Amino acid sequence: MWRGLSLRVAAVVFIVQLAGRPGVSCDRSKDITGGDSSSADESSDDDQFEDSGIHSLTDEEIIRTFPSLSLDEILPRLIQYGNTIFQRMEWNHAVLQMQREGNGFDADSPVSFGELLDAGTGPTSLSWIASVLHRERLITAVAEYLDSSSSEDDDSEDDEYELHTFLTSGRPCREAFYKSDYSSVNADSFDTNEDPASKCIPRVTMKNYTAITASPFMRRDTLKTASRFGILSDPAKEILVGNWQDPGFLEGRKYDTILADYLLGAVDGFAPYFQDKMFGRLSQHLKPGGRLYISGLNPIPEELDGPGDVFCRITKVRDACIKLAGDRTYREYPLEWVIRQLERAGLLIVDIRKYPIKHEAQHMIMQINVARSKLSRFPSRDLAATMAELLDSYEDEVWEVTDDGPLTISFNYVIAAEMPSGSIQNKESSGSKDEL
């Protein structure tokens with residue numbers, strides 16, 4: 001069963017990272033509303049059904065229509081290893097548990113995220129949740145594959161290497177790993193290979209999860225994906241529609257862990273000008289000692305010296321096209337701004353990590369194609385024609401500047417913030433003064 005897994009993993013991971021991470025494709029509306037990009041290799045039946053009206057179905061009908069996939073179908077679709085953001089979150093959480101338990105810590109026992117709130121659910125964060133809930137099965141299956149592949153023909157070495165890039169060693173972390181001294185690892189380092197979070201797979205789990213979506217349409221898509229992943233029955237789950245501007249939403253609910261996976265960039269489309277209050281709002285739902293994990297994209301610069309400037313121009317023109325078509329753009333926030341807002345919300349920042357974004361030609365052309373998709377809705381045909389010529393010239397330039405390889409521009413970041421023990425968050429803490 002596992003013989004061909006690595007090739008499928010490599011293909012699926014490439015598709016997901018291309019379409020699912022904001023550092024590559026900043027038009028995340030497809031992630032949120034357009035179904036599960038991580039299942040692009042086997043999604044034709046689902047896509048055909050969506051055309052006939054998934055959004056008219058009840059929850060029970062969606063679950064019956066899209067039953068859980070088999071384990072060998074689920075595993076290659078899980079976002080966990082091959083995604084440095086979630087690697088880092090898991091490593092941080094395991095180290096936190098070790099620090100709290102001291103000599104009682106057991107690396108062979110799963111570290112729990114407890115009650116988890118995914119504050120803005122998309123296919124990427126949902127597939128990570130699935131990877132946590134299926135973690136023990138995942139570790140067992142991959143370990144069996146690695147053990148068996150060593151006794152097969154020479155081709156297995158290539159397969160094992162490709163699988164390794166997705167699931168690192170396929171082996172669970174040991175206690176000595178967490179106790180190692182990584183103080184020399186620079187948080188600003190752009191060498192991902194230095195990151196201890198990439199060295200092994202933590203045994204992690206969660207008690208339950210609450211997934212927040214922004215509309216009934218998004219909720220149904222999320223429900224379908226969760227059903228496919230087999231994570232709707234045990235543990236307890238909730239997939240809700242909500243807006244964080246509503247002060248009564250989830251009132252009184254507290255969580256051990258809150259995930260804000262590229263949430264800030266999406267807020268502008270649903271709650272404009274609310275970003276400065278977001279972390280204060282979320283902190284109301286964090287238990288004392290609980291963790292908030294934030295991932296985001298440092299904005300693409302306005303301009304750069306050298307070949308990378310073409311992507312700066314592409315992103316500006318893409319956003320102009322989105323606005324001329326009458327849509328709202330995503331608005332990412334720099335790391336320094338996020339740190340200030342977390343501190344103002346009374347949270348203690350315990351870890352920061354940056355990861356560079358390497359833009360292949362295809363990645364940049366995806367952004368050009370986002371712009372092209374808006375041209376038919378321009379107020380003027382002449383303006384659309386002129387913009388189309390400009391986009392064509394940018395595509396030619398992209399192929400020229402990436403002839404020697406991808407361009408490293410900006411970075412993704414992941415932050416771990418903690419609610420100090422004994423803190424009490426109230427509604428007054430949810431706001432913050434407007435920042436000029």
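Which residue, with a positive phi, follows H14? Gly-326 follows H14, and its phi is near 90 degrees.

## Basis of the model

This is a predicted model, in which local features need pLDDT of at least 70 and side-chain atom pairs count only at pLDDT 80 or more, while totals for chains, interfaces and linings use all residues. Residues are numbered from 1 along each chain as its sequence is written, and side-chain values use heavy atoms, without hydrogens and water.

## Helix H14

Helix H14 covers residues 309-324. Helices are DSSP runs of H or I with at least four residues, and strands are E runs of at least two, numbered from the N terminus. The 16 residues of H14 should span 22 Å at 1.5 Å a residue, which agrees with the 23 Å between its end C-alpha atoms; the expected span is 1.5 Å times one less than the number of residues.

Among the buried residues of H14 are Asp-309, Phe-311, Arg-318 and Ile-322; buried means under 20% relative accessible area, exposed over 50%, and partly exposed in between (1.4 Å probe, protein chains only). The buried residues of H14 pack against S8, H16, H17 and S9. Cys-312 has a relative accessible area of 0%, and Cys-321 also has 0%. A search of the whole structure finds zero disulfides, a disulfide being a pair of cysteine sulfur atoms within 2.5 Å.

## Nonpolar cores

The largest nonpolar core has 45 residues, of which Trp-128, Tyr-209 and Ile-231 touch the most other members. Such a core is a set of buried Ala, Val, Leu, Ile, Met, Phe, Trp, Tyr and Cys residues joined through side-chain atoms within 4.5 Å. Elements that each supply at least two residues of this core include H6, H11, S7 and S9. A second, separate core of 33 residues includes Tyr-255 and Trp-337.

Definitions and conventions
Contact = heavy atoms within 4.5 Å.
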